[in-house]
Amino acid sequence: MKKLIIYSILLISLADTGCQKKILDKVDFNGVPVATAWGNVQTAQIYLDNLYQYCMPVYYSNASASTVPTNWHNISDECNGGSNIGVLQGNLTQESENDFFPTANSSWQWIRKINILLADIDKYGLTPDVTAPIKAQAYFLRAWVYFNLVKVYGGVPYITKVMDYVKDSLNIPRNSTTECVDSMIADLNHCSVLPAHWTGTDLGRITSGAALALKGRILLYYASPQFNPSGDQTRWQMALQANKAAYDSLTAQGYALASKYSRVFLDAGSSANSEAVIFRAYNGSSIISQDANNWDNVVRPYSQAYSGGGKSYNPTWNLVQAYPMADGYAPGDPHSKYTYDSVRFWHNRDPRFYSTVVYNGAVYGLGNTAGRIQYTYVGTAEDLSAPTTTGFYCRKNVDTSLTATATQFGKTWWVEMRFAEVMLNYAECANATGDQATAYTMLTQIRKRAGISANSDNLYGLTAGMTQADMETAILNERRIEFAFEDKRYDDLRRTRTFDQLNGQTRMGFFIVPRAPYFSSTKASDANKPNNIERYLSGSTGPKVRDTINIEGPAYQVYFRDSLAPIVNEKPINFQTTYYAYGIPSTNISKQPALQQTLGWMFAGAAGTFDPTK
Amino acid sequence: MTLQRLARYSLALMLVVFYHLTVSAQQHRRVITGKVINSDTKEPMNNVSVTEKGSPKGVTTNSDGEFTLVVPGKGAVILSFSYIGFDPKDIKTISDTNLLVSLVNSNKKMDDVIVIGYGTQKRSDILGAVATVNPKEVQDLPVANLSTALVNQVPGVSITQSAGKPGANTTMNIRNSVSLNNQLTTPLYVIDGLVPVIGSGAGIDPTGKSAFDALDANEVESITFLKDGMATIYGARGANGVVLVTTKHGRPGKPRISYSGSYSNTQASKIPKMLSGYDHALLLNNWVENYNPNNVLTGEIYTPEELDTIKSRNFDWFRNEWIPNGSVQRHNISISGGTEKLTYFAGANYYNEIGNLPNVVANRYGIQLGMTAKIIDGLTTEVSVNYNTGYESRPAVKGTPTTDQVDQENGTISSLLTVPKWVPETINGLPNYYDPIRWNPLAAVNANTYARDNNTNFSLVGKLTYQIPVIKGLSVFAQYGRNDYNDYGKSYYPPYSTYSFTQIAGANDHLNSGPNVGKGAPTGTQKVLYNYTGPVILKTVSNGNQLQNNYTGTKNWQATEGITYDNRFGDHEISASLISEQEQTTGNVYQTSDNTQIIPGIDQLYGFSNDGSNLNVSGQTVSTGRWSYLGRLNYSFKGKYLLQGSFRDDASPYFPVQRQWGFFPSGSIGWKISEEGFFQNNVHFLDDLKLRFNLGLTGNDAGQPFGWVERYTSNNGYLLGGVMTNGLATSQVPNPDITWESALFKDLGVDGTFANRKFNFSFDYWFKHGFNMLEPPQSTVTNTSGITNTASVNHGIINSWGTEFQLGYHQDINKDWQVFATVNFNWSDNKVIREYYNPGTDTGYLYPIGKRMDQGITGYKSTGIVRTAAEAAAWNAKNPNWTINKDTLRAGDLNFVDVNGDGKIDGNDQTQIAKRSSTLFGFGFIFGAQWKGFRVSTNISLGIGGQIAWKKVDVAPPTKDASALAMWKGSYTAYRTNATLPAIYAPFANQVSTYWLHSATYMYVNNLMLSWQVPVRFTSTHHLPEARFYLTGTNLWSIINPTPFKDPRSNEITDYPILRTWTFGANISL
């Protein structure tokens, strides 16, 4: 017995060395080891897919799902509201730009993750033929994320390696705008290995043409007055070449304007759509917030949305005025064959107007209800909780087939770059380099597709023989209309340094008000008053008095009057010229003193020194 | 000394010993017989060691307490009696037979033997800050967690409970342990030598706390706290201190069956008093009248007619739902006893708590088995088995239909308290949908929504010890322990129906709100009065519309092998041990959730949508291990000069291979001055006095496992070709150099007794140098680097220090009367030596270096209430751009100091308004007295100094949608300009400011215990079982309450109230 015990203990001591390794050699089951991640094409691919999810643009109404800085760049004269009213009112401080360097989910985090892919993908046995297309897509995403930073701030640190917080100095300076643009172009040049089209379960990836189109957009920005106030022609030449190359090669690949302007986004998922160059798919899933766009829910009238609709992205009178008549001439232009009706302003307008703006009495078949009339007058009963702020609703890209409760699960794709933009970018570069003929060609094609009549001169309402400056104005207005509610207006105003030309203007609404003695009331005590236009003709459901009013007939002005007025509480636009390149928040410079503050902005009492135009 | 001389001395010594032994053996012999009994119970005591003083020979008593000892010589002899846990006794006797010796239980006395981790030690020889709690002192308390019962029992150990919900967690913190990164500050719990590592959610709780909390005090033999470098013996896990528990194994004697049972009544110790509907409406009227002088919102006014209606209706949702009397039941039955060869203990316990909200229950039952057996001479085996299973259930509430709020208890309490009193909870029996809260508690309860948790823990420890016969004092042991833990959680969130009612049209339909009223005015629809007959609108509350099933299982084993040696060579006493320990833990977690109920009322997966997009499944495995070598050497010379050294070499797979091993040494010295002749001759007041000093290095490896690994985890993919792909993303930026936190302890202590041992005291001054403390470097990492979610860096250095003092008093006034008291004093402070901090805070009060971690209270400096419109106008005239939170100053506002001097009050005007956010130091008092069988004691906490700011949530003013504390009744109005509170519309009214600062001094009675032991004379003569009855109250009274509107122990008024319990119980033993 004694011996047994003594030997047992000896044995236990000896066994130590054998199983020690087993006990101490543990695997972290919380994640995949690095060699597995980059040793298989499947894992490398899904790593890339995760980058797509967070780097590709989303509906700007759902900007919190995005990592690129689009958060408050939805502000302009296009619609009411906007995430940072300080841009419009001239009281922005650099500290309120919390979307430049947020600590979590920032652009920089994704740049780092892209860099990890580029640095590691070739280290664990994958062959170059497999990795090249994956890397090309990652390069595109890096250029895309950087472009979004540069267009807001000018040059930023262009980081191409994976930095280590223990060993590396993280205090790195800004690269100049030129250096950033060069780096983005270098990144995009890797994309030539990508196919012209992806099919099947790859549909949605970046194509070679997409990279060319983005290159054209980047160089257009670089040549534009925002970064090129002196009008350096070499920049315009670069931009022209890039946009011509994009136009030519996309055309050769079969890209073209889609037949129906109103369906470009709605049909983006269909293979027949030839216009979507860079896009993001949505499927209305509730599982991942990024896969269901919230657009319908936000832009529809309150009573036709799941929650929160009514008061956002209401088109301004400023935008409505920008639409020409159906023959392409501005309202009131003597060349136009249509007479502008200041009461029924919706008569005979550019067909794109009807795809974009809902006015009082317009037919708006939401919820698949054909012939449904949309009211926007002040006091509309069903939308009382959140009425329109301008008298209009945005109709652009609204999927009328969705029921109100389904609007939070929109599945309309987002088209970031469509062929129409490639054309207008090309037109703008051609015009800037003295080739007005190409600009005319592009503009007339756009207008033709829009449904504007060709007119006798075949110019679709364009003035013949425009100067370079007139043509630039025409192109900008075309972009304003063509790309309305596509998150382009704010960028265009800054890119062309025309934002401050709006100073003194106010965003206006065109309000339709019941004309006394008629009124709109939902109070129980008013329910039976004859002049209440919300009164039911019989009982407590069914048609109301308002439904008997023919807006095209004389009764319209008996019941309603209109009132042109600024949006409630709206102040005149007062955009500061320093906003063409924003300042960097102080906390970021405190941590990273090598970051120079932008000219026109301050840090710790000292004026910024970084020139974004260099 | 040469080797030769040594050999010569040794030979001489042996000769002398041999001579002595042989000679004495030939002398006179006599036989002494007697009996040993327990002084308390008068029961015979088995296995008591009886020796003649100075002789190595001895015997032990039999199960009847009897002994027979053969001693040499004539005349008086001195016999020594000793038994673990009892005071040793020396008896000088000349008679030979029928000696009756009673031994006194030595709990809390100076010379019991206490568990110190991998061994035991006499209390008088302890060289560190080691404290014990006798579970008997706390076994009458009706607690859900054992930790809760230990309040005030040990100086330097703080126990906090912030909510009274059944099963609510209690946190224990030894010596104000701090962390820079939410690392665990929980001490390590060791139960019968095993750390029962268990799963908790997706990770592992490496501290064993849950298993400790599940123990029943009736089944615990001892609880020891290692507060300083003594914890070094637990190496990389000792930095937060160690709690050691031994369970009962029985004592020799006839079988003893004990039952203890109690029933408690639970009530909220304090329910926050909210405004009545009438007072609330009057305040809102005042707001409209005075705040909107242009009568923009006359429609907001509650007309006299409506005020009358409101006055007659005081719907109190809290009172509707709150059940005034909850209950706790505890039952414990055990049998124990044994012989010299075998002792055993078997106990079963049951705990049941019925909460004070509907469907809130917790229960637990368990079995504890312990056995010690001497198999053959020198070979002992000890076995402990514990099985327990617990259950908790409560209604689960996931707020509103649009935004599902986090499922939490205080969401419920908050809604119940703050719904305005004119809003009925039900109308004609139908649950009312009140828009601002968007749910209805009654309907939720009726919908059978719940969150439940079932857990089961099984642990087994077996130990074999063999005293090797050939070498005296040498023994070897091997111990194996394992712990299996399973947890099954289920939450059911079905949608349910509520009803929206049209309001009475009122005088002129004015109960609807108009546009936004102005500063601070809430938006939303206000419904005041309800039409009892009008049309109702069904409102379905989605309540999450989800079913969750979660499973966690952990298996953990630990093997310990060692060799120990204890011996005495004349004046030299040595005890040494060398031990090796291995441990491995594997845990599995599996979680599912399914959305969208299809079959109403079915809380099973098949009752929910089969559509895969509604189903979410996740799971993972965690695995860890540990390998350690440790050793300890104790040396004492003449029983008064003491030395101790120990080490532990610990390895953990959580760290990179080259950093897995850590070495943790400690050393202690002690001097029992009272054993010195000069002391005994000169100092008469003091009976015992010991000085000790301890230095030890410990670690904390509980945080951030595998922080050195570049880890890729599953993430969202992208929608490609209409198909959602998987995604993979890096989830942390690793730190290849990461390792455990370290702490170097120093502790200087004095222990002693005085006034004929009526008083005992213990004083410690400690210093803890925490270094290599893990913290995320995020504040120094630039954003452009894109580095987020960094693994922590071993960077921080924090020094902590403090003193603890315990004074105990115990006096037998006469044979019937005893009084006793314990006072604990506790003070500590700390200083940050190195820490990451945000750039931009390198000046001013937020700069952390060289300061204590507690940065005090940040808030606004208030200059008080602006009493009149004239005063406000004068101020505004003098300060033309003056705004408070963008509003101009008005009468009734709180005005503030413009700290940054920009002429207005906003978030940038916050500054440090108090240097500390807690009390400076604290006392714990336990007083008591015993008269014959009656015993009374009370436990009181006292914290002194410092300041606290009343919480923003607590002092939120009433709004149109929400009620507030009743104290707002006295707030500022045009008719009450001398009010103590600002107007309800005052901007920043409830922001943290000097206005809400109060002294943090508190004093409250934790418990009061009364008990009566039925006299043994009575029970034994009537052949009745021994019986003791008790009445215990917990969380009783606040004598000094810094937050008079709530119990000072609760965190916020929206937490489940702290409960006051009254318990009646009985202990019966056969």
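Reader: Which residues does B:Pro135 touch, leaving aside those up to four places away in sequence?

Author: In this predicted model, B:Pro135 lies in the loop between β10 (130-133) and β11 (157-160) of chain B. Its relative accessibility is 1%, and because buried means under 20%, B:Pro135 counts as buried. Beyond four places in sequence, the residues it touches are B:Ala217, B:Val220, B:Glu221, B:Ser222 and B:Ile223.

Reader: What distance separates the C-alpha atoms of B:Pro135 and B:Gly235?

Author: Along the chain, B:Pro135 and B:Gly235 are 100 residues apart.

Reader: Is B:Met172 buried or exposed?

Author: B:Met172 is found in strand β12 (residues 171-174) of chain B. The C-alpha atoms of B:Met172 and B:Ser49, which are 123 residues apart along the chain, are separated by 39 Å. The relative accessibility of B:Met172 is 3%, and therefore this residue counts as buried.

Reader: Which residues of chain A does B:Thr730 touch?

Author: B:Thr730 is part of strand β36 (residues 723-732) of chain B. With a relative accessibility of 11%, B:Thr730 counts as buried. Leaving out residues up to four places away in sequence, it touches B:Glu710, B:Arg711 and B:Tyr712 in chain B, and in chain A it touches A:Tyr47, A:Lys113 and A:Ile116.

Reader: What does A:Leu117 touch, not counting residues up to four places away in sequence?

Author: A:Leu117 belongs to the largest nonpolar core and is among the residues with the most contacts inside it. Not counting residues up to four places away in sequence, A:Leu117 touches A:Trp38, A:Tyr47, A:Leu48, A:Leu51, A:Ile134, A:Lys135 and A:Ala138.

Reader: What percentage of the residues in chain A are buried?

Author: Chain A has 18 helices and 10 strands, and its C-alpha atoms fill a box of roughly 115 × 70 × 55 Å along the principal axes. Among its contacts between residues at least 6 apart in sequence, 71% join residues at least 24 apart. The accessible surface of chain A is about 23,100 Å², with 55% belonging to carbon and sulfur atoms. Of the 614 residues in chain A, the buried part is 57%.

Reader: How far apart are the centres of the positive and negative side chains of chain A?

Author: Chain A carries 54 positive and 52 negative side chains. The centres of these two sets lie apart by 5 Å.

Reader: Which residues does a cis peptide bond join in chain A?

Author: Most peptide bonds are trans. A cis bond, with omega of about 10°, occurs at A:Pro517, a residue in the loop between β7 (508-514) and α17 (555-559) of chain A. The two residues joined by this bond are A:Ala516 and A:Pro517.

Reader: Is A:Asn569 buried or exposed?

Author: Most residues other than glycine have a negative phi. A:Asn569 has a positive phi, near 70°, and is found in the loop between β8 (560-566) and α18 (586-591) of chain A. Because its relative accessible area is 71%, A:Asn569 is exposed.

Reader: What is the relative accessible area of A:Tyr313?

Author: A:Tyr313 lies in the loop between α10 (295-299) and α11 (317-322) of chain A. It is not a glycine, but its phi is positive, at about 55°. A:Tyr313 is buried, and its relative accessible area is 10%.

Terms used: Residues are numbered from 1 along each chain as its sequence is written. Chains are lettered from A and ligands numbered from 1 in the order in which they are written. This is a predicted model: local features need pLDDT of at least 70, side-chain atom pairs count only at pLDDT 80 or more; totals for chains, interfaces and linings use all residues. Side-chain values use heavy atoms; hydrogens and water are left out. Helices (H or I, at least four residues) and strands (E, at least two) are DSSP runs, numbered from the N terminus. Buried means under 20% relative accessible area, exposed over 50%, partly exposed in between (1.4 Å probe, protein chains only). Contact means heavy atoms within 4.5 Å. Accessible areas come from the Shrake-Rupley method with a 1.4 Å probe; for residues, only the protein chains shown count as cover. Lys and Arg count as positive and Asp and Glu as negative; His and the chain ends are not counted. The place of a charge is taken as NZ of Lys, CZ of Arg, CG of Asp or CD of Glu. A nonpolar core is a set of buried Ala, Val, Leu, Ile, Met, Phe, Trp, Tyr and Cys residues joined through side-chain atoms within 4.5 Å.
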